[in-house]
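Hi,

Here is the structure you asked about. Please open it next to this email and follow along.

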Amino acid sequence: MLIKWIPKSTLHLNIAFILSALISFVSIIKIQDILKDKKQEYTDITVGNIIWTDYFKTMDYQVVLGLVFIFIICFVSLCRLLNIMDLKFNRHHFINNRVYFCFFSLVYSITLLIFSNGAYYAPSLVFALVPLITEYIVSKIQEKEKEAMFWSVLTIVPITYLGTAGVIVIANLVFNELLTGSLKSIPLVVSLILWLSALTLLKFKVNSTFSLIKHLLMTSQLFAPFTFMSAVTITYYYNNEIIKINHNKSFIILLLFVCLLFCFQIIHFSRKKNTPLLRWSETISFSTLASISFVVIYSTPIYSTLIHDDFHMGEILLPWQQVVELGQSYNSEFISVQGLLGMLYSGMNELLFSGTVSSFNSVLVLVPALFSIITISVISIFYGKKWGLLFVILYIPIAVSPIMSRVYLVLPILLTLFYPNLIKKPVRWFVLWIWLSAIHCFYNPAIGAVLTIATLPFAMYMLSTTIKHKIFQKMWHNQKIKLLIYLSLQLVALIFLFPSIIGTVVYLLDNSSTNTVAYGVGVFAGNQTVPEWFPQWFKYNMMNRLIWESVRIGGWIGTLMILFWVGYKFLMQKSKDINMYFYIFTIFSFIILISSYSFGRVDPWSLNRSGSISILCMTGFLPFLFFMIYKNRTMRISVVLFLGVTLGVMGILINNTNSFKVEKLTNPISVPSQAMLINGTDYNLPSLGKIFIEPGRLEELVIFKEVMDKVLKDDETFGDLTNRSMLYYILNKKVPSLYSADYLAANETIQSKVVGHLKKNKPPIVFIGPSIRHDGGPSSLRSYRIYKWYLENGYQYYEYKGLQFLVNEVGSNRINRTALSKSENVELLSNVFVQKDLMSIPIAWGRNLSRIDRFDGVNIQLKEINKSNIQRIETGWNHVTGTDPYITWEVNAPMDGLKSDFISFELDFKTTPTYPFKLQLFWDVENQISERNSFYFNGYDGTYLLPLGSNPSWLLNEAIRYIRLDIDGLDESTEFEVKNIKILHLIK
């Protein structure tokens with residue numbers, strides 16, 4: 001029965017695929033139209049990008065998953081229909097792989113030219129002509145091993161070009177002057193000379209041709225390892241001078257590493273000197289692959305780590321310091337939101353470099369290089385150096401670019417788990433799966449958990465294979481002691497890691513429920529547009545947006561469709577390759593499961609998150625899917641065309657062609673003239689190191705350090721409500737509150753835990769400004785419970801030379817500060833914490849008031865005492881009669897803001913307005929109502945919930961008597977009613 005639903009021919013398969021894709025993409029318009037009037041549901045007073053505008057973020061997921069579902073339904077149905085119609089089309093072709101690669105290079109070059117608007121003419125010309133000329137010469141010779149001749153000669157160009165970059169680095173290192181300008185042409189000239197020499201040998205049939213070509217190939221690799229030295233010999237151009245800042249420890253370590261690689265080169269070449277032609281790829285050494293992967297991924301650092309914001313730098317600088325040096329438990333006392341990636345960045349900075357902010361610049365270069373080496377190692381060891389070299393040159397600059405950092409480990413893990421020789425050993429495979437999954441979940445909890453779930457079915461299959469063949473019993477019978485030792489080691493490791501494992505699981509549970517509403521950015525939101533740097537070929541922005549989204553989002557949606565096509569193709573061929581079916585299913589499952597991440601935050605103008613998954617699909621999943629399919633047979637022209645276009649497009653978007661500019665290894669970093677070169681030790685800030693810094697930034701850090709030295713004892717730390725978490729690193733202080741930034745405490749679960757930590761530590765001082773604010777607004781909204789805890793525990797405003805703080809009684813005594821009057825304290829706190837325009841937050845929360853369910857009602861009655869420019873008519877409705885309409889209520893007893901920090905009410909309309917209007921809610925301070933003590937927000941028909949306590953003038957007011965609601969922008973003909981006013985107290 002099922003055979004009727006499987007296409008009879010490739011023609012049926014292709015027609016079904018194309019029509020299904022068209023139908024599903026057109027369906028997006030209808031799906032969006034159906035969902036556009038729905039509203040997002042919330043279960044907490046979360047503040048994020050989508051809540052300000054009350055955007056229905058769930059629509060994004062429903063649209064994309066609906067698209068995939070419609071595609072599958074249409075695909076299966078069309079396959080059955082086409083089988084009934086029984087269309088036929090015969091074709092016969094055979095083209096060798098060399099010609100296909102030439103075609104691929106040509107397509108790739110044309111794509112580079114088109115998407116760069118002709119900016120990359122020279123690289124495109126080289127990519128197009130070198131393979132074509134090589135194939136032309138090779139095709140004319142009578143040798144049998146044309147394939148090996150072609151690839152060995154062609155390989156000379158990239159290896160020589162990238163490997164010779166080591167010569168530039170050595171020259172720049174030995175001669176203490178800038179040589180980039182005079183030497184930057186050497187790699188290209190030398191590589192073309194050696195390539196032409198190899199072609200000449202082939203053309204004129206010189207004796208021992210391959211032996212000579214082999215020696216050319218090996219000689220060109222010799223100095224490649226020295227390219228690594230550029231990571232520790234960074235050159236700066238400052239005030240017309242060349243300045244080098246070397247970190248002695250890292251220089252010695254890296255020099256020893258490079259010398260070791262150089263020795264390995266010599267040993268490798270001496271062992272491979274008699275390698276036959278058919279095994280030409282064995283002449284390529286691993287150290288060469290590692291070195292050129294470093295070259296292509298290397299990007300010239302910025303002149304100072306301090307240019308980056310304190311929030312994101314804090315995420316990756318802090319983990320090693322907090323866990324290893326300051327002794328906080330990983331993921332239980334301190335949360336590394338970047339997982340092991342943060343530990344890797346900060347640990348490498350401490351162990352290999354000087355452990356300062358200055359040296360971190362080099363770490364930002366080396367970490368991507370490390371992951372490129374890991375990826376290339378897996379490919380080269382498991383699938384051969386030929387494929388490793390191809391991946392280094394074409395895909396590594398994209399697949400291991402910085403925006404891919406969260407998914408660095410996905411491809412190496414997948415390629416390891418689906419390595420055929422490893423699959424033959426199910427026990428070893430299963431144990432490796434457990435540990436790779438654990439490492440990946442520590443590395444990035446979200447991505448790691450998704451890949452673990454996606455590979456779980458294959459793991460269960462491998463486990464069942466182990467049980468079926470009684471492998472455990474055989475091992476127990478034959479190697480009992482060895483097995484016991486092995487299991488004991490696993491158990492010890494598990495016990496050691498257990499607290500961190502639990503912490504990671506708790507971290508996932510704490511964050512997963514609010515991820516969409518706290519961090520979401522809508523695909524169909526009004527702020528989405530095409531970035532200026534992206535080619536805009538059409539007059540209409542909608543068409544340009546379609547091209548942009550097809551790259552940013554279409555990559556992973558298209559991959560789902562292609563996987564479905566490939567799966568059906570295997571069913572048509574009645575393939576029994578169970579591993580291939582599991583590979584396809586694993587990738588398909590991964591993409592579906594990761595949609596909450598990849599589609600959750602679609603940042604305007606950016607490839608982050610959704611773009612990174614598309615890049616992973618285009619440069620990882622699909623190339624190796626096609627490799628596994630076509631490794632023993634000729635690739636189809638459509639596949640070659642697809643790979644060439646996608647690689648070219650992704651290359652331009654990720655600035656791939658910059659990877660081949662070898663002069664970047666010694667290019668000086670331009671430093672603005674206003675920057676200062678300082679040694680942090682001279683300013684009692686040793687964590688800075690020797691670094692370029694703006695004068696204003698230095699002054700701020702010096703003042704900050706001065707305040708903290710006055711207030712804090714050596715074993716004490718400060719609190720932070722600014723999201724400037726790098727300051728903990730600079731002052732070498734513990735993070736007191738589990739998370740290093742209040743922006744990360746986006747829900748009740750996390751905020752309650754943070755408050756629990758603060759109760760134990762009670763920092764004497766809290767930094768509150770100047771702050772970094774993201775889409776969550778001030779901390780009084782984003783992390784309301786934390787802000788409230790500080791104010792209700794007596795922390796008062798303190799300012800010193802432009803920096804803003806909260807201090808408790810202990811902190812005040814240490815700085816001999818005179819306590820502020822209540823009114824003065826409230827006024828100064830309001831300048832920091834108040835967000836006057838709440839936009840659509842009140843209506844978004846109010847609509848979900850019953851779901852939020854976190855409030856106790858306050859026993860307060862409100863009596864309407866005044867209406868201005870509002871008249872009640874006979875029908876019972878109200879309408880506006882003047883230019884300043886408002887209603888005032890008086891409470892029956894003075895309210896304490898700390899115990900009545902929210903208000904809800906309903907605004908009901910006889911006929912819902914179709915035009916925008918605003919509401920403004922006031923309260924009194926000492927019986928006086930003023931503009932300062934108010935919020936305004938967007939008006940709609942429905943229930944509102946306002947966070948009155950987010951304004952200190954409400955929260956710290958113990959005698960609130962009056963509330964006033966202004967209704968601005970309503971027509972006189974609009975009839976409305978304000979009802980069900982409730983004073984609420986947030987209790988959880």
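Start at Phe 590. Leaving aside residues up to four places away in sequence, Phe 590 touches Val 410, Ile 447, Val 450, Leu 451, Ala 454, Leu 616 and Phe 621. Keep in mind that this is a predicted model.

Phe 590 belongs to the largest nonpolar core, which has 309 residues. Phe 590 is among the residues with the most contacts inside that core, along with Trp 429, Trp 556, Leu 806 and Leu 921. Which helix gives the most to this core? It is α29, with 14 residues. There is also a second, separate core of 10 residues. Tyr 236, Ile 245, Tyr 303 and Phe 692 are included in it.

Next, the helices. Look at α25, residues 541–552. This helix has 12 residues and spans 16 Å from its first C-alpha to its last, close to the 16 Å expected at 1.5 Å a residue. Its buried residues are Asn 544, Arg 545, Trp 548, Glu 549, Val 551 and Arg 552.

Now compare α12, residues 286–297. This helix has 12 residues too, and reaches 17 Å from its first C-alpha to its last, close to the expected 16 Å. Is α12 mostly covered or mostly uncovered? Mostly covered: 11 of its 12 residues are buried. Among them are Leu 289, Ile 292, Phe 294 and Val 296, and also Ser 287, Thr 288 and Ser 291. The buried residues of α12 pack against α6 (146–163), α11 (248–271), α15 (360–383), α16 (385–394) and α17 (396–399).

One of those partners, α11, is worth a look. α11 has 24 residues and reaches 35 Å from its first C-alpha to its last, close to the 34 Å expected at 1.5 Å a residue. Within α11, Ser 250, Leu 254, Val 258, Leu 261, Gln 265, His 268 and Phe 269 are buried.

Last, the sheet. Here 6 strands form an open sheet, in the order β10-β18-β17-β20-β15-β12. The pairing is mixed. At the edges stand β10 (837–839) and β12 (862–868), each with a single partner strand, so one side of each has no neighbour in the sheet. From one strand to the next, the twist averages 25°.

Here is how some of the strands pair:

- β10 and β18 (residues 928–938) run parallel and are joined by 2 bridges. Met 839 has Phe 937 in β18 as its bridge partner.
- β17 (residues 918–925) and β18 run antiparallel, with 7 bridges. Val 925 stands opposite Gln 928 in β18.
- β15 (residues 886–895) and β20 (residues 960–968) run antiparallel, with 6 bridges. Thr 888 has Arg 964 in β20 as its bridge partner.

One more detail. The hairpin of β17 and β18 has 2 residues between the strands. There, Glu 926 takes a positive phi near 55°.

Best wishes

Note on methods:
Residues are numbered from 1 along each chain as its sequence is written. This is a predicted model: local features need pLDDT of at least 70, side-chain atom pairs count only at pLDDT 80 or more; totals for chains, interfaces and linings use all residues. Side-chain values use heavy atoms; hydrogens and water are left out. Helices (H or I, at least four residues) and strands (E, at least two) are DSSP runs, numbered from the N terminus. The expected span of a helix is 1.5 Å times one less than its number of residues. Buried means under 20% relative accessible area, exposed over 50%, partly exposed in between (1.4 Å probe, protein chains only). Contact means heavy atoms within 4.5 Å. Two strands pair if DSSP finds at least two bridges between them. Axes are lines fitted to C-alpha atoms, for helices over the stretch in contact, and angles run from 0 to 180 degrees between N-to-C directions. A nonpolar core is a set of buried Ala, Val, Leu, Ile, Met, Phe, Trp, Tyr and Cys residues joined through side-chain atoms within 4.5 Å.
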